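Me: I am new to this one and would like to learn where its labels come from. Could you take me through some of them?

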Amino acid sequence: MPQQGRVYDKQHDQVTAKNTMNKPEAKQPPTQIGSLYTCHPQNMDWLPWAMPGAHFKLLHADAVTGRFTLLIKFEAGAAAPIHRHVGAVEGYMLEGGFHYRDEPERPFETGCYLWESDGAVHQPVSPNGAVMFAVFHGPVEGLDDEGNLTGRINWKWHVDKWKAAGHDFQVAGE
């Protein structure tokens with residue numbers, strides 16, 4: 001009798017491993033056991049993000065440090081409003097890419113790691129779309145053309161949006 005996770009091939013009279021790598025699974029809520037936190041982004045929904053043409057998946061949020069981790073998907077042609085990072089942001093481009101509006105000659109493409117320092121002010125543009133893994137070390141503030149504050153998103157904004165969409169989420173530090 002084949003073991004669980006294995007498939008018996010009657011024609012070739014052999015037992016082979018069952019490939020489950022890319023098969024959809026039932027949605028599993030994030031879990032935390034002690035200091036280990038896990039989630040399954042491949043089973044999570046994309047929610048509309050703060051910028052037009054972008055969606056996010058909330059992977060982690062920490063109420064004590066203010067850090068939050070996202071997957072962000074940019075549609076082709078998406079352009080962020082001018083914004084300022086109150087805390088630094090680390091990003092890794094999983095697919096596609098973007099550049100800053102004033103520096104089109106310096107693209108950030110698949111496989112690129114980037115660090116945006118706290119205080120950075122810029123306007124990313126994604127001509128062909130992208131997916132990025134990003135760790136935010138603090139809030140992001142939207143700015144108008146004169147540099148006036150127009151809005152702010154932080155870990156709590158993301159958690160509230162995530163929960164409002166009917167998803168479970170356990171915030172670290174609460």
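Reply: Happy to; the model is a predicted one, and we can go through its labels one at a time.

Me: What makes Trp49 and Phe136 an edge-to-face pair?

Reply: Two values decide it. The ring centres are 6.3 Å apart, and rings pair if their centres lie within 6.5 Å. The planes meet at 65°, and an angle over 60 degrees counts as edge-to-face, so this pair gets that name.

Me: Where do these two residues sit in the chain, and are they buried or exposed?

Reply: Trp49 is in the loop between strand 5 (47-48) and strand 6 (54-61), while Phe136 belongs to strand 15; they are 87 residues apart. Both Trp49 and Phe136 are buried. Ring pairs also bring in Phe68, giving a cluster of Trp49, Phe68 and Phe136.

Me: Why is the pair of Phe56 and Trp162 called tilted?

Reply: Their planes stand at 45°. The centre-to-centre distance is 5.8 Å, and the limit for a pair is 6.5 Å.

Me: What does this pair tie together?

Reply: Phe56 lies in strand 6 and Trp162 in helix 1 (residues 155-164), so the pair connects parts 106 residues apart in sequence.

Me: How do you know whether Phe56 and Trp162 are buried?

Reply: Buried means under 20% relative accessible area. Phe56 has 0% and Trp162 has 1%, so both residues count as buried.

Me: How many aromatic pairs does the structure hold?

Reply: Seven.

Me: Why is Phe133 called partly exposed?

Reply: Its relative accessible area is 33%. Buried would need a value under 20% and exposed one over 50%, so a value in between is partly exposed. Phe133 lies in strand 15 (residues 130-136).

Me: What makes strand 13 and strand 17 edge strands?

Reply: The open sheet has four strands, in the order 13-9-16-17, with antiparallel pairing. Strand 13 (121-122) and strand 17 (149-153) each pair on one side only.

Technical notes. Residues are numbered from 1 along each chain as its sequence is written. This is a predicted model: local features need pLDDT of at least 70, side-chain atom pairs count only at pLDDT 80 or more; totals for chains, interfaces and linings use all residues. Side-chain values use heavy atoms; hydrogens and water are left out. Buried means under 20% relative accessible area, exposed over 50%, partly exposed in between (1.4 Å probe, protein chains only). Two strands pair if DSSP finds at least two bridges between them. Rings of Phe, Tyr and Trp (its six-membered ring) pair if their centres lie within 6.5 Å; planes under 30 degrees apart count as stacked, over 60 as edge-to-face and the rest as tilted.
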